[in-house]
Amino acid sequence: MSKSTGIRAAQALAVGAVAASALAMGAPAALADSTSEFGTMSVADCTAADLEVTEQSRQGAAGTVYVDLLIEKLPPRTPYSDEACVMYGELAQVYWGDSEGHRIGASAEQDSVTTGPFALFPGDQAVVTIARPNPENYDPVECQPTEVAGAHLFFLNDEGAQYVPTDGRDRVCANPELGASRVSAITPVGA
């Protein structure tokens, strides 16, 4: 392992450990920075503006389509922005909708989360999977199958959203009482 890779791994562990302990105490995440004359810096939560989300792959099995989404940390937006951000193991909300953000059908239900907070540095990636049931599994009159333009992801502690277009390859039940998708925990790539 190169020296820069070892330093980066140590930084990620430090940010993750501090973020987890700060969350347990209900405080903002902070960490000691030996290169800073101030000694401590806070680490902001990851927001939609810090991230790029793209569809990585999809596969179908037993009446469900599994859509894997890749989340990548972008470079800091300004010289004053944090290098890293804190990513949580779950999303605040996920739903299918049109390109303007209007929800179609039910919001996704979160699977149990086993991943704690972790740091994302520029170029680091994480993955989340949306399991979407096929609307053909339901009575078409009750389900009201409708084509959607993509998925809308809302990150914890963020008012913005990431829109991930799926090029008209997804249909959901417009009736919010049927066919809710499930969303996995967010996990870092390579962990």
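Which residue in β9 does T64 stand opposite? T64 stands opposite P133 in β9. This is a predicted model.

**Strand β4 and its neighbours**

- On one side, β4 pairs with β3 in the antiparallel sense, over 10 bridges.
- Within that pairing, S57 has D68 of β4 as its bridge partner.
- The two strands β3 and β4 make a hairpin that leaves 2 residues between them. A62, in the turn, has a positive phi of about 50°.
- β4 also pairs with strand β9 (residues 125-133), again in the antiparallel sense, over 9 bridges.
- In a regular strand, side chains alternate between the two faces of the sheet.

- Side chains of opposite charge can pair when their charged atoms come close.
- The whole structure holds 7 salt bridges.
- One of them joins R169 to E55, with 2.9 Å between the closest N and O atoms.
- This pair connects distant parts of the chain: R169 lies in strand β11 (residues 162-173) and E55 in strand β3 (residues 51-61), 114 residues apart.
- R169 has 43% relative accessibility and is classed as partly exposed, because the value falls between the 20% and 50% cut-offs.

- R182 and E109 form a salt bridge through their side chains, at 2.7 Å from N to O.
- Here too distant parts of the chain are linked: R182 sits in strand β12 (residues 182-183), E109 in strand β7 (residues 109-110), and 73 residues separate them.
- R182 also forms a salt bridge with D111, at 2.6 Å from N to O.
- D111 is in the loop between β7 and β8 (118-120), 71 residues from R182 in the chain.
- Elsewhere, salt bridges with shared partners connect E55, R58, R132, R169 and D170 into one network.

**Q162: buried or exposed?**

- Q162 is buried, because its relative accessible area of 13% is under the 20% cut-off.
- The residue belongs to strand β11.
- A polar atom of the Q162 side chain lies 2.5 Å from the backbone oxygen of L51.
- Leaving aside residues up to four places away in sequence, Q162 touches A48, L51, E52, V53, A151, H152, L153 and F155.

**Q144: which residues does it touch?**

- Not counting residues up to four places away in sequence, Q144 touches V172, C173, A174 and N175.
- Q144 is located in the loop between α2 (140-143) and β10 (145-155).
- With a relative accessible area of 41%, Q144 is partly exposed.
- Q144 and L178 are 34 residues apart along the chain, and their C-alpha atoms are separated by 9.5 Å.

Technical notes. Residues are numbered from 1 along each chain as its sequence is written. This is a predicted model: local features need pLDDT of at least 70, side-chain atom pairs count only at pLDDT 80 or more; totals for chains, interfaces and linings use all residues. Side-chain values use heavy atoms; hydrogens and water are left out. A salt bridge is a side-chain nitrogen of Lys or Arg within 4 Å of a carboxyl oxygen of Asp or Glu. Helices (H or I, at least four residues) and strands (E, at least two) are DSSP runs, numbered from the N terminus. Buried means under 20% relative accessible area, exposed over 50%, partly exposed in between (1.4 Å probe, protein chains only). A polar contact is a pair of N or O atoms within 3.5 Å; within protein, one must be able to donate a hydrogen and the other to accept it, and residues adjacent in sequence count only if both atoms are side-chain atoms. Contact means heavy atoms within 4.5 Å. Two strands pair if DSSP finds at least two bridges between them.
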